[in-house]
Amino acid sequence: QVQLVESGGGLVQAGGSLRLSCAASGDTICISAMGWYRQAPGKERELVAAITSGGSTYYADSVKGRFTISRDNAKNTVYLQMNSLKPEDTAVYYCNADGYSDYGCGDYWGQGTQVTVSS
């Protein structure tokens, strides 16, 4: 099993920055891609950014040019640097790890961290 612990959320003014961290522990050999999702009340959870074990990245159109995902495989940690934050970025942000199916691994989720951007 894999455990994911997020940190770095908080309250920030529009235009400000935050950096989220997600530390993985347990059976980390299970982990292939990692990513960040977010969910606002009453809305579907959406993928914000993802990164593969090889370093390839994906970003939702809404955050391109503002957010940067990075990964330290040695530390089993993924980061999300969020710049130029907007009120519409307000949500609970969840770390996700996609497990290798060949190893019998599943998908893993953190508990979430609140990001609130004031106007």
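The protein exposes about 6200 Å². Carbon and sulfur atoms supply 46% of that area. Accessible areas come from the Shrake-Rupley method with a 1.4 Å probe, and for residues only the protein chains shown count as cover. The model is predicted: local features need pLDDT of at least 70, side-chain atom pairs count only at pLDDT 80 or more, and totals for chains, interfaces and linings use all residues. Residues are numbered from 1 along each chain as its sequence is written, and side-chain values use heavy atoms, with hydrogens and water left out.

The secondary structure comprises 11 strands and zero helices. Along the sequence the pattern is β-β-β-β-β-β-β-β-β-β-β. Both kinds of element are DSSP runs numbered from the N terminus (helices: H or I, at least four residues; strands: E, at least two). The C-alpha trace spans about 45 × 25 × 20 Å along its principal axes. The radius of gyration is 14 Å, which agrees with the value near 14 Å for a compact globule of 119 residues. This radius is taken over C-alpha atoms, and the globule rule is 2.2 Å times the number of residues to the power 0.38.

Of the 119 residues, 42% count as buried. Buried means under 20% relative accessible area, exposed means over 50%, and partly exposed lies in between (1.4 Å probe, protein chains only). Contacts were also examined by sequence separation. Among those between residues at least 6 apart in sequence, 55% join residues at least 24 apart. A contact means heavy atoms within 4.5 Å.

Leu20 lies in strand 3 (residues 18-26). Leu20 counts as buried because its relative accessibility is 0%. Beyond its neighbours within four places in sequence, Leu20 is in contact with several residues, including Trp36, Val78, Leu80, Met82, Tyr93 and Val115. Gly9 is also among these contacts.

Ala50 belongs to strand 5 (residues 46-51). Its relative accessibility is 19%, so Ala50 counts as buried. Leaving out residues up to four places away in sequence, Ala50 touches Met34, Gly35, Ser56, Thr57, Tyr58 and Ile69. Ala50 and Trp36 are 14 residues apart along the chain, and their C-alpha atoms are separated by 6.3 Å.

Two residues other than glycine with positive phi were examined in loops. Asn76 has phi near 55°. Asn76 sits in the loop between strand 7 (67-72) and strand 8 (77-82). At 25% relative accessibility, Asn76 is partly exposed. Ser84 has a phi of about 50°. The loop that holds Ser84 runs between strand 8 and strand 9 (91-99). Ser84 is partly exposed, at 41% relative accessible area.

The structure holds two aromatic pairs. One of them joins Tyr100 and Tyr103 in a tilted arrangement, 5.3 Å centre to centre with 55° between the planes. Rings of Phe, Tyr and Trp (its six-membered ring) pair if their centres lie within 6.5 Å; planes under 30 degrees apart count as stacked, over 60 as edge-to-face and the rest as tilted. Tyr100 is partly exposed, at 30% relative accessibility. Tyr103 is exposed, with a relative accessible area of 55%.

The protein has 9 positive and 11 negative side chains. The centres of the two sets lie 8 Å apart. Lys and Arg count as positive and Asp and Glu as negative, whereas His and the chain ends are not counted. Each charge is placed at NZ of Lys, CZ of Arg, CG of Asp or CD of Glu.
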